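Dear colleague,

I am handing over the structure below, and after it I set out what was found. Please read the notes with the coordinates open beside them.

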Amino acid sequence: MMKTIILALFLALFVFGQPTGTLAQSPDKILKKAVKALGGEKALRSVSSRQVVGRITRLEDGATGNYQMSTSNPNLYTQSFDLNGFETASGYNGKSAWTLDSRNGLQTLTGTAGRDFQAEAGYRNALWLNYKKDKVKVVYDGQSSLNGKKVDSVILANAKNSKIKIYFDSASGLPLREEITTGDSIKLFDYSNYRNVDGVREPFTVALTIENQQYAVKLDQIIHNRQIENAVFDFPRLSDAPLPDITALLKQVEANEEKVDEILENYTYTETQASREVGANGVLQEKEVVKHQVNFYRGYQIRRLISKNGKSLSPDENKNQEKKAADSITEIDNKVAKRDARAAATVEHSAKEQVGTSGARISIGEILRASKFVNPRRERFLNRDVIVFDFEPNPDFDDSNAKSLLKFFGKTAGAIWIDEQDKQVARVEAVLVENFNVAGGLVAKLKKGASFTLEQNRINDEIWLPSSADINLSVKVLLVKGININQLVRYRDYQKFKSEVKDAKVDAPNNP
């Protein structure tokens with residue numbers, strides 16, 4: 001049945017999705033032809049870093065200045081130029097993306113802009129060579145004319161809905177233009193004057209369009225495989241103003257956790273999970289949407305399904321959900337009773353049990369030991385003053401006896417935003433920098449590149465609670481089945497009430 005549906009969709013795309021009189025080209029063949037034109041896959045993969053220097057001219061007024069661009073495998077990238085003392089720069093350091101200009105200052109890129117820039121950083125290092133491994137959809141977008149040349153265009157669309165469109169010379173196979181989406185804007189790179197550098201053909205003339213400003217870039221030198229310090233890609237240090245000690249700040253955040261848990265007991269909210277998939281046309285589509293009502297009881301979360309794909313549950317399904325909620329409450333009561341009994345038997349064991357009510361929770365104090373924190377800076381986020389810093393695996397952390405979840409955090413890199421006044425987490429972005437095995441790989445194996453983003457909002461001027469989570473990962477279960485998870489989770493309808501559980505009911509009161 002599934003094969004029939006896929007075949008029907010393919011035929012519909014082939015018949016109706018192409019311009020009249022034009023047959024669909026194979027995007028894979030176009031990319032292979034481009035690889036050959038650029039020097040071959042072996043030569044392209046041999047480039048581990050790239051440094052570009054030249055001069056840039058703004059066409060509007062003729063202002064000129066220096067232009068620089070650097071890349072370093074697997075995904076480090078920075079580009080900068082100055083015009084009459086006005087500096088513009090951007091970069092991705094493997095943990096977070098940033099932008100700097102003399103008008104708006106330095107800021108971390110978040111949302112779609114950060115997501116798209118990270119995709120661009122990966123593309124600048126490997127082009128499309130890893131698109132199959134990275135599960136990037138490649139879509140043929142038709143044939144057209146560009147600067148008097150016939151071109152074939154191909155769209156690269158990743159699982160996070162970041163898109164890069166490339167126009168290839170139909171005759172030579174060389175890339176002539178890139179359209180790179182960054183948030184709400186599109187950057188254009190037009191290439192010409194290709195020359196041979198270490199067996200790779202590189203463009204030495206670039207027509208650049210950024211935010212409707214047009215620039216002409218003439219490159220003087222392109223250097224391959226010179227070692228580049230990671231600091232080149234990090235946030236520029238603009239001020240010597242003192243920042244709070246990161247370790248002390250995170251300990252304050254940790255101290256707030258118990259207070260937040262107590263407040264959270266009085267809240268209910270809805271959680272909507274949308275499973276997504278990039279279609280054959282390169283468009284990210286929602287495949288299934290489920291909605292839950294979430295309550296808390298004695299420190300545990302109770303989730304009750306309330307709709308599927310926009311449709312409310314049937315009476316029988318509602319009854320089944322009520323039974324599950326009742327069973328959850330009974331199970332929680334039993335867990336708490338056993339925990340209290342153990343706590344009464346030994347104070348030492350009780351102290352160990354306080355790590356987390358769910359048994360899986362990891363405190364920020366533990367994460368401190370597993371991660372290394374760098375690049376602290378002050379920014380504005382959601383109209384609040386925040387401290388932002390990057391984190392990466394701590395090479396000195398011994399995870400031999402650590403919990404599985406802590407081991408996972410010890411293999412991630414990313415950035416964290418902390419509200420400076422409330423000492424609560426406002427946003428976290430993280431990516432798995434190496435494969436992670438669950439139970440030695442026998443149960444599951446998460447592939448390198450898995451990522452998640454969690455964003456929170458300030459609710460009722462007392463607590464930061466999740467507003468959205470973006471999860472993207474590939475996992476192999478029981479050494480056999482490979483599963484791709486691409487979900488957007490939205491948290492809404494926060495209501496505060498005094499939590500009471502009667503007759504195994506967990507619904508919120510009528511008048512919260």
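A salt bridge, as the term is used here, is a side-chain nitrogen of Lys or Arg within 4 Å of a carboxyl oxygen of Asp or Glu. This is a predicted model, in which local features need pLDDT of at least 70 and side-chain atom pairs count only at pLDDT 80 or more, while totals for chains, interfaces and linings use all residues. Residues are numbered from 1 along each chain as its sequence is written, and side-chain values use heavy atoms, with hydrogens and water left out.

By the salt-bridge criterion, Arg-377 pairs with Asp-390, the closest N and O atoms being 3.2 Å apart. This pair links distant parts of the chain, with Arg-377 in strand β18 (residues 371-381) and Asp-390 in strand β19 (residues 384-393), 13 residues apart; strands are DSSP runs of E with at least two residues, helices are runs of H or I with at least four, and both are numbered from the N terminus. Both Arg-377 and Asp-390 are buried, where buried means under 20% relative accessible area with a 1.4 Å probe, protein chains only.

The structure holds 32 salt bridges in total. Among them is the one between Glu-202 and Arg-50, at 2.9 Å from N to O, which connects strand β12 (residues 200-210) to strand β1 (residues 49-58) across 152 residues. Glu-202 is buried at a relative accessible area of 7%, and Arg-50 is buried as well, at 13%.

Another salt bridge joins the side chains of Glu-178 and Arg-124 (2.8 Å, N to O). Glu-178 belongs to strand β10 (residues 175-182) and Arg-124 to helix α4 (residues 111-126), so this pair ties together parts that are 54 residues apart in sequence. Glu-178 counts as buried at 4% relative accessibility, and Arg-124 does so at 11%.

As for the chain as a whole, the protein has nine helices and 26 strands, and buried residues make up 46% of its 512 residues.

Helix α5 (residues 246-264) has 19 residues and reaches 26 Å from its first C-alpha to its last, close to the 27 Å expected at 1.5 Å a residue, the expected span being 1.5 Å times one less than the number of residues.

Conventions: Buried means under 20% relative accessible area, exposed over 50%, partly exposed in between (1.4 Å probe, protein chains only).
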